[in-house]
Amino acid sequence: MADLEQRWTTVSAEISDAARSAGRAPHDITTIVVTKFHPAELVRRLWALGVRNFGESRHQEAQPKIAELSDLDAVWHFVGQVQSKKAKLVRGYVDVVHSVDRSSLVDALTSGPPAIAPLEVFIQVNLTEDPDRGGAQPAQVESLADEIVGSDGLLLKGLMAVAPLNVEPRREFARLRALSEQLRTQHGEASALSMGMSGDFREAIAEGATHLRIGTAITGNRPIAG
Ligand SMILES: *Cc1c(COP(=O)(O)O)cnc(C)c1O
């Protein structure tokens with residue numbers, strides 16, 4: 001579909017522009033196309049356009065879809081909440097988990113026989129006061145980071161957040177960046193920042209995002225959830 005190619009080309013150009021405006025190299029930014037609710041066929045079309053990083057957020061949907069696409073050498077990112085009882089399954093089919101937000105999930109991801117390759121993880125930070133939103137509170141980041149770094153089989157990449165609704169996103173991304181700088185005083189290698197979605201990736205790039213998670217701006221509207 002020509003529209004898909006058009007959106008991918010446009011968004012990629014906007015990402016490059018935003019990077020250059022921020023004095024950053026576009027190739028230092030990884031664009032993850034979030035394909036939740038879309039069929040495997042859409043992933044194949046994106047692959048044909050050169051997309052290599054894909055994101056999914058629901059285990060029930062991601063597991064069969066990723067299995068169906070196992071012939072592609074894609075990098076799969078899990079960006080949604082992970083139930084502890086599904087953690088071992090999720091770790092079996094993704095390369096990166098962006099939503100580690102509690103100690104029990106670290107345990108669940110590392111229980112059982114060690115995997116061949118370490119699983120890359122981000123600590124998701126909750127930037128709201130609402131404990132029901134996913135993510136660890138900022139005050140919990142340090143202990144969670146120590147636990148991940150001390151674990152067998154997990155590689156701490158950095159921090160992830162979703163900007164809260166109805167606030168200026170750039171200010172929230174600046175908060176995550178400050179937390180990241182703090183984290184790096186203890187864990188210098190955990191320097192990645194997963195932030196920025198369809199509506200706010202420019203602001204995220206200005207604040208140092210290294211991993212963008214972009215859905216609708218590239219895929220078009222998601223089909224209604226079944
Ligand atoms: C769906 C989703 C995205 C992509 O959202 P868009 O607004 O469609 O770009 C990014 N991050 C997470 C955690 C998501 O669940």
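What span should the 18 residues of helix α7 have at 1.5 Å a residue, and how far apart are its end C-alpha atoms? Please also describe what surrounds the helix and what leads up to it.

Analyst: This is a predicted model. Helix α7 covers residues 169-186. At 1.5 Å a residue, its 18 residues should span 26 Å, and the end C-alpha atoms are 27 Å apart, which agrees.

Next, consider which residues of the helix are covered. The buried residues of α7 are Pro-169, Glu-172, Phe-173, Leu-176, Leu-179, Ser-180 and Leu-183. Around the axis they take up an arc of only 115°, which means that they sit on the same side of α7. The spacing of such residues follows from a general rule: an α-helix has 3.6 residues a turn, so residues three or four places apart point the same way. The other side of α7 carries Arg-171, Gln-182 and Thr-185, which are exposed. Among the elements that cover the buried residues of α7 are α6, β6, β7 (192-194) and α8 (201-206).

Now take the start of the helix. There, a side-chain oxygen of Glu-168 comes to within 3.1 Å of the backbone nitrogen of Arg-170. The loop between β6 and α7 contains Asn-166. Asn-166 is exposed, with a relative accessible area of 80%. Its phi is positive, about 60°, although Asn-166 is not a glycine. As a general point, most residues other than glycine have a negative phi.

Strand β6, one of the elements covering α7, leads back to the sheet. β6 (residues 154-160) runs parallel to strand β5, and six bridges join the two. In this pairing, Gln-124 stands opposite Met-160 in β6. Between β5 and β6 the chain passes through helix α6 (residues 141-150), and this β-α-β crossover is right-handed. Helix α6 is also among the elements that cover the buried residues of α7.

Strand β5 itself spans residues 119-124; five of its six residues are buried, so β5 is largely enclosed by the rest of the structure. β5 also pairs with strand β4 (residues 96-100), in the parallel sense and over three bridges. Here Val-100 stands opposite Ile-123 in β5. The chain goes from β4 to β5 by way of helix α5 (residues 103-110), again in a right-handed β-α-β crossover. The loop between α5 and β5 holds Pro-118. Leaving aside residues up to four places away in sequence, Pro-118 touches Arg-91, Gly-153 and Leu-155.

Thr-210 is found in the loop between α8 and β8 (211-214). Thr-210 is buried, because its relative accessible area is 16% and buried means under 20%. The side chains of Thr-210 and His-211 are joined by a polar contact of 2.8 Å. Beyond residues up to four places away in sequence, Thr-210 touches Arg-24, Asp-28, Ile-29, Thr-30, Ala-192 and Leu-193.

Note on methods. Residues numbered from 1 in each chain as written. Predicted model: local features only at pLDDT ≥ 70, side-chain atom pairs only at ≥ 80, totals over all residues. Heavy atoms only, no water. Buried < 20%, exposed > 50% of the residue type's maximum accessible area, 1.4 Å probe, protein only. Helix = DSSP H or I, 4+ residues; strand = E, 2+ residues; numbered from the N terminus. Pairing = 2+ DSSP bridges. Right-handed = clockwise from strand over helix to strand, strands pointing away. Expected span 1.5 Å × (residues − 1). Arc of directions from axis to C-beta. Contact = heavy atoms within 4.5 Å. Polar contact = N/O pair within 3.5 Å; in protein donor to acceptor, adjacent residues only side chain to side chain.
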